[in-house]
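Hi,

Here is the structure I promised to pass on to you.

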Amino acid sequence: MAHEVVLDEDHDRGTIDPRLFGSFVEHLGRCVYTGIYEPGHPTADAHGFRGDVQALVRELGVTLVRYPGGNFVSGYRWEDGIGPSGDRPRRLDLAWRSIETNQVGTDEFLGWAQRNALIPMMAVNLGTRGIQEAADLVEYCNTPAGTHWSDLRRRHGRAEPHGVPLWCLGNEMDGPWQTGHMSSERYGDLAAQAGKAMKLVDPTIELVACGSSSHTMPTFGYWETDVLDRAWDVADYISMHAYYEEHDGDRRSFLASGAAMDEFIRGVAATVDAVAARKHSRKRVAISFDEWNVWYQSRYEAAGLPEVDEAGPRIEDTYGALDAVVVGDLLITLLNHADRVRIACLAQLVNVIAPIRTLPAGEAWRQTTFHPIATVAATARGRSLVTRVTGPPVATRRHGDVPAVAAAATRDPETGRIMTYLTNRAAEPATVTLRHRGRRPLAVESCQVLVADSDGPRDRRAAPAFGFVPLDPATGPEPGTITVTLPPESWTVLAALGLPTRGT
Ligand code: AHR
């Protein structure tokens with residue numbers, strides 16, 4: 001099938017926010033304990049954090065990390081996780097039915113984030129707790145000295161404030177599974193008051209109000225409207241969460257996950273803008289897509305309630321090649337909304353639906369999904385170009401007709417490098433002509449592809465064999481064009497050099 005992608009160097013949607021390449025660490029299963037933190041591990045640093053995992057986190061190129069939940073935060077007493085570790089209580093966490101030992105808490109996590117140059121995004125508990133506890137946590141983290149909570153932090157050995165710039169006002173408060181789930185009106189009022197108090201403690205912070213926990217929530221749209229009506233003055237971002245999986249062997253719909261995500265983002269942006277219009281407000285509330293990934297959630301739900309344990313495994317999905325292609329497709333959608341989606345967090349970072357897996361006392365390794373994430377985080381620099389894609393669509397059961405080829409492109413003004421990311425969602429090869437409008441013809445530097453049909457057994461031994469293979473694009477047929485044939489069900493990265501803007 002023949003497709004065309006038009007790239008115009010001068011037509012972009014703005015600068016890509018590096019916070020688009022964030023991730024998420026929740027006190028869930030083995031994400032924290034035996035994930036990022038394992039004091040007895042041979043690679044552990046002086047603080048008890050695994051060195052092998054930190055090396056992989058750096059290689060992944062993550063820029064920001066959300067913490068400590070997720071559903072966990074809605075029952076969390078943050079004061080349990082500060083002070084001498086021997087005095088910290090063991091608590092039953094209701095969200096994931098595990099014993100939380102509190103050996104990792106606010107100071108340990110924020111120290112780890114700082115040592116790894118990660119921007120922290122903290123969430124406050126608006127499920128079982130409220131305004132005062134949220135304001136107290138901001139004071140503990142961000143007030144330099146001279147108040148009860150800041151002086152306590154100093155007594156705990158942390159003289160400088162942590163300076164946490166971003167805060168989530170609770171988590172998925174629209175979800176009936178959430179501890180403290182409430183109506184949109186109640187949550188909107190609570191978020192407005194908690195947010196006001198938090199910004200009185202530190203006026204520099206930015207706040208994320210909870211949006212819908214998925215596009216399929218019955219309250220989707222109404223929830224965002226009610227919440228923003230009430231919390232408009234304090235909300236800088238509205239959150240989005242979405243997980244995708246292959247249902248009943250329906251590969252075509254699964255491969256169209258990026259199109260489904262696109263529709264979801266458009267719906268949220270339109271809803272937010274409608275609230276702004278009604279309020280005659282020029283404020284532009286951005287989107288924090290603070291949970292996204294492939295997650296075989298129906299399998300987790302079918303397994304029923306887990307037995308209570310201490311840092312036992314939970315939702316350690318093993319990913320195959322098809323999942324990596326879908327993750328690449330989702331990244332294309334995020335890049336194509338870079339003007340509105342300023343923050344995004346791959347959920348999660350280690351062990352729990354994660355690109356990095358570990359064995360307790362053993363090795364750490366990359367899952368298949370590691371590859372597209374690391375590639376985009378390392379290469380998508382500068383401006384997100386507007387791409388126009390034409391060609392025959394592909395029919396899907398869940399999402400109707402979707403473009404068979406998805407494309408995103410970025411241009412780094414420093415180097416003149418143009419990156420193009422392409423998904424072929426169809427079962428046939430797709431021949432794509434890239435029509436470039438720019439300062440001089442592009443010179444292709446490299447082109448490589450991840451192919452879904454390289455799916456081997458979904459075990460960790462298969463993952464090292466999985467990776468990019470080279471593709472061979474041709475220049476032409478006309479001046480200013482490049483032609484490349486994408487294998488069926490694949491995700492391609494093409495790097496090409498134009499002229500840098502600086503110095504021309
Ligand atoms: O990421 C796993 C869980 O998914 C999070 O705790 C929750 O916010 C979402 O439902």
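Let me start in the sheet, where Tyr 421 stands opposite Val 493 in strand 24. Before going further, please note that this is a predicted model, in which local features need pLDDT of at least 70 and side-chain atom pairs count only at pLDDT 80 or more, while totals for chains, interfaces and linings use all residues. Residues are numbered from 1 along each chain as its sequence is written, and side-chain values use heavy atoms, with hydrogens and water left out.

**The sheet**

Strand 18 and strand 24 are antiparallel and share 8 bridges; strands here are DSSP runs of E with at least two residues, helices are runs of H or I with at least four, and both are numbered from the N terminus. Two strands count as paired if DSSP finds at least two bridges between them. The sheet that holds them is open and has 10 strands, in the order 21-20-24-18-17-14-1-19-23-22, with mixed pairing. Its edges are strand 21 (469-470) and strand 22 (474-475), each of which pairs on one side only.

Moving along that order, strand 17 and strand 18 are joined by 7 antiparallel bridges, with Ala 407 opposite Leu 422. These two strands form a hairpin with 5 residues between them, and Gly 416 in the turn has a positive phi of about 80°. Pro 413 also lies in the loop between strand 17 (405-411) and strand 18. The relative accessible area of Pro 413 is 22%, which makes this residue partly exposed (buried is under 20%, exposed over 50%, partly exposed in between, with a 1.4 Å probe and protein chains only). The C-alpha atom of Pro 413 is 6.3 Å from that of Gly 382, although 31 residues separate them along the chain.

Strand 14 runs antiparallel to strand 17, with 3 bridges. Leu 385 has Ala 409 of strand 17 as its bridge partner, and Arg 383 stands opposite Arg 411. Strand 1 (residues 2-15) is joined to strand 14 (residues 383-390) by 6 bridges, again antiparallel, and there Val 6 faces Arg 388.

**Aromatic rings**

How many aromatic pairs does the structure hold? There are 17, counting rings of Phe, Tyr and Trp (its six-membered ring) with centres within 6.5 Å; planes under 30 degrees apart are stacked, over 60 edge-to-face and the rest tilted. The rings of Phe 49 and Trp 112 are stacked, because their centres are 6.2 Å apart and their planes are at 25°. Phe 49 is in the loop between strand 2 (22-24) and helix 1 (51-60) and Trp 112 is in helix 2 (residues 106-115), so this pair ties together parts that are 63 residues apart in sequence. Both Phe 49 and Trp 112 are buried.

Tyr 421 belongs to strand 18 (residues 417-424) and Trp 491 to strand 24 (residues 490-497), so the pair links parts 70 residues apart in sequence. Tyr 421 and Trp 491 are both buried.

Phe 49 and Trp 112 also belong to one aromatic cluster with Tyr 33, Tyr 37, Tyr 67 and Phe 109.

**Backbone details**

Most residues other than glycine have a negative phi, and most peptide bonds are trans. Tyr 67 and Pro 68 are joined by a cis peptide bond with omega of about 0°, and Gly 69 and Gly 70 by another, with omega of about 15°. Pro 68 and Gly 70 lie in the loop between strand 3 and strand 4.

Two residues have a positive phi without being glycine: Ala 361, at about 65°, and Glu 489, at about 50°. Ala 361 is exposed, with a relative accessible area of 58%, whereas Glu 489 is buried at 8%. Ala 361 is in the loop between strand 12 (356-358) and strand 13 (364-366), and Glu 489 in the one between strand 23 (481-486) and strand 24.

Best wishes
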